[in-house]
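Here is a short briefing on one protein chain. Look at the sequence and the model first, then read the points below.

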Amino acid sequence: MESTRRYPRHSYHDSPGIPITIIQFGRLERIDLTVQCVDVSDGGLGIIADIPLSPGFVWFQGPVNRHKGGMIVWSRKSDRGFRAGIQFLPIPQSPSDYLQMTDN
């Protein structure tokens with residue numbers, strides 16, 4: 001079976017977890033939690049959470065694979081909790097980065 005993935009995944013194991021903030025689509029509530037990273041690619045991040053996650057915007061407390069945030073694009077129940085996929089979004093690290101990105 002051929003893979004439909006655009007980017008190859010690599011295992012990622014972080015013992016303390018990754019603190020994130022989520023704003024789920026259709027809800028005006030902020031969720032702060034720590035998730036375990038399972039794998040990473042140039043396009044996104046696979047995570048395990050203790051609670052079910054719906055699609056929405058994600059901000060990382062610190063850069064992950066040089067990215068500041070992304071979007072939850074899928075989620076499902078797994079044997080270890082709730083597995084989800086985050087697609088990285090081009091969120092600038094600082095206002096000066098944003099100006100450099102748009103000044104072309």
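A residue counts as buried when its relative accessible area is under 20%. By that cut-off, 36% of the chain's 104 residues are buried. The model is predicted. It holds one helix and seven strands.

**Fold and surface**
- Along the sequence the elements run β-β-β-β-β-β-β-α.
- Take the contacts between residues at least 6 apart in sequence: 48% of them join residues at least 24 apart.
- The chain's accessible surface comes to about 7000 Å². Carbon and sulfur atoms account for 53% of that surface.

**Nonpolar core**
- In soluble globular proteins, nonpolar side chains tend to be buried together.
- In this chain, the largest nonpolar core has 19 residues.
- Ile-18, Ile-20, Ile-22, Leu-45 and Phe-60 have the most contacts inside this core.
- Strands S2 (18-24), S3, S4 (44-49), S5 (56-64) and S7 each give two or more residues to this core.
- S3 provides the largest share of the core, with five residues.

**Surroundings of Ile-22**
- Ile-22 is among the residues with the most contacts inside the core.
- Set aside its neighbours within four places in sequence, and Ile-22 is in contact with Glu-29, Arg-30, Ile-31, Leu-33, Leu-53, Phe-57, Val-58 and Ile-72.
- One of these contacts, Arg-30, also takes part in a salt bridge, with Asp-32.

**Salt bridges**
- How many salt bridges does the chain have? The count comes to two.
- One joins the side chains of Asp-32 and Arg-30, at 3.0 Å from N to O.
- Asp-32 is partly exposed, at 47% relative accessible area. Arg-30 is exposed, at 57%.
- The other joins the side chains of Arg-83 and Asp-39, at 3.2 Å from N to O.
- Arg-83 sits in strand S7 (residues 81-88) and Asp-39 in strand S3 (residues 30-40), so this pair ties together parts that are 44 residues apart in sequence.
- Are Arg-83 and Asp-39 buried or exposed? Arg-83 has 12% relative accessibility, so this residue counts as buried. Asp-39 has 11% relative accessibility and counts as buried too.

Terms used
Residues are numbered from 1 along each chain as its sequence is written. This is a predicted model: local features need pLDDT of at least 70, side-chain atom pairs count only at pLDDT 80 or more; totals for chains, interfaces and linings use all residues. Side-chain values use heavy atoms; hydrogens and water are left out. Helices (H or I, at least four residues) and strands (E, at least two) are DSSP runs, numbered from the N terminus. Buried means under 20% relative accessible area, exposed over 50%, partly exposed in between (1.4 Å probe, protein chains only). Contact means heavy atoms within 4.5 Å. Accessible areas come from the Shrake-Rupley method with a 1.4 Å probe; for residues, only the protein chains shown count as cover. A salt bridge is a side-chain nitrogen of Lys or Arg within 4 Å of a carboxyl oxygen of Asp or Glu. A nonpolar core is a set of buried Ala, Val, Leu, Ile, Met, Phe, Trp, Tyr and Cys residues joined through side-chain atoms within 4.5 Å.
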